[in-house]
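The sequence and structure come next.

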Amino acid sequence: MHRLLPRLLPRLLIALAAVMAMLQPAQGAAGDLRYVIDRSASQVDAKVAFFGIASKTAKFPDMSGTFNLSFADLEALDMVVDIDARTLTTGDSQTKTLQGKSFFDVAHHPTVRFVGRRLKMTGEKTAEVEGDITARGITRPIKLAVTFSVPPFSTGGTQPISIVGTGVIDRRQFGMTAFPWIIGAMVNVTIRARMVPG
């Protein structure tokens with residue numbers, strides 16, 4: 001066997017080099033997972049207590065954005081979601097109230113933006129996302145509990161991922177202080193987004 005080794009060694013080295021060459025592009029491509037939001041399958045809901053005995057939900061059906069993860073830093077997150085506040089609807093007469101100056105003031109602030117900066121995985125398909133939300137020109141921190149349809153780092157960036165993110169904000173921190181006896185202060189935010197490779 002030792003006599004065959006000198007003849008086999010060059011072939012083994014060539015085979016090993018070929019395997020490494022095949023792996024290298026995959027590793028390079030996996031440096032970042034880049035996604036864009038599928039606007040046709042994404043929506044934000046904001047639910048708030050109403051008269052203390054019921055609730056009111058405002059729907060934001062038009063959103064866009066990007067979602068990028070990095071294998072070099074598993075907690076690094078570059079996520080930007082822009083929500084068109086002008087499309088806000090409650091399905092009743094309260095739509096105009098929430099679009100008005102006392103609340104989202106969509107005439108002067110047509111966009112609500114969420115920027116995610118840090119991802120901390122809490123399970124195979126769950127994570128905590130830290131970031132900032134901007135409404136009415138005011139920016140405040142927010143944490144979202146996020147559930148992925150598949151483990152996010154398992155896709156290689158080649159297949160769609162759906163997420164559901166939930167968090168709570170205090171509307172008063174954004175200058176929305178009207179009707180405190182009718183509308184609750186704490187707002188439950190739910191982001192439902194389908195992300196496709198981009």
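K56 lies over the face of F50, 5.1 Å from the ring centre; a charge counts as over a ring if NZ of Lys or CZ of Arg is within 6 Å of the ring centre and within 35 degrees of the ring normal. The model is predicted, with local features needing pLDDT of at least 70 and side-chain atom pairs pLDDT 80 or more, while totals for chains, interfaces and linings use all residues. Residues are numbered from 1 along each chain as its sequence is written, and side-chain values use heavy atoms, without hydrogens and water.

Six aromatic pairs are found in a search of the whole structure. Rings of Phe, Tyr and Trp (its six-membered ring) pair if their centres lie within 6.5 Å; planes under 30 degrees apart are stacked, over 60 edge-to-face, and the rest tilted. Two of the pairs are tabulated.

| Pair | Centre distance | Plane angle | Class |
|---|---|---|---|
| F60 and F104 | 5.4 Å | 70 degrees | edge-to-face |
| F103 and F179 | 6.2 Å | 15 degrees | stacked |

F60 sits in strand β3 (residues 54–60) and F104 in the loop between α2 (94–99) and β6 (111–121), 44 residues apart. Helices (H or I, at least four residues) and strands (E, at least two) are DSSP runs, numbered from the N terminus. F60 has a relative accessible area of 3% and is therefore buried (under 20%; exposed is over 50%, partly exposed in between, with a 1.4 Å probe and protein chains only). F104 is also buried, at 15%.

F103 is in the loop between α2 and β6 and F179 in the loop between β9 (161–170) and β10 (183–197), so their pair ties together parts 76 residues apart in sequence. F103 is buried at 2% relative accessible area, whereas F179 is partly exposed at 41%.

Y35, F67 and F148 form one aromatic cluster.
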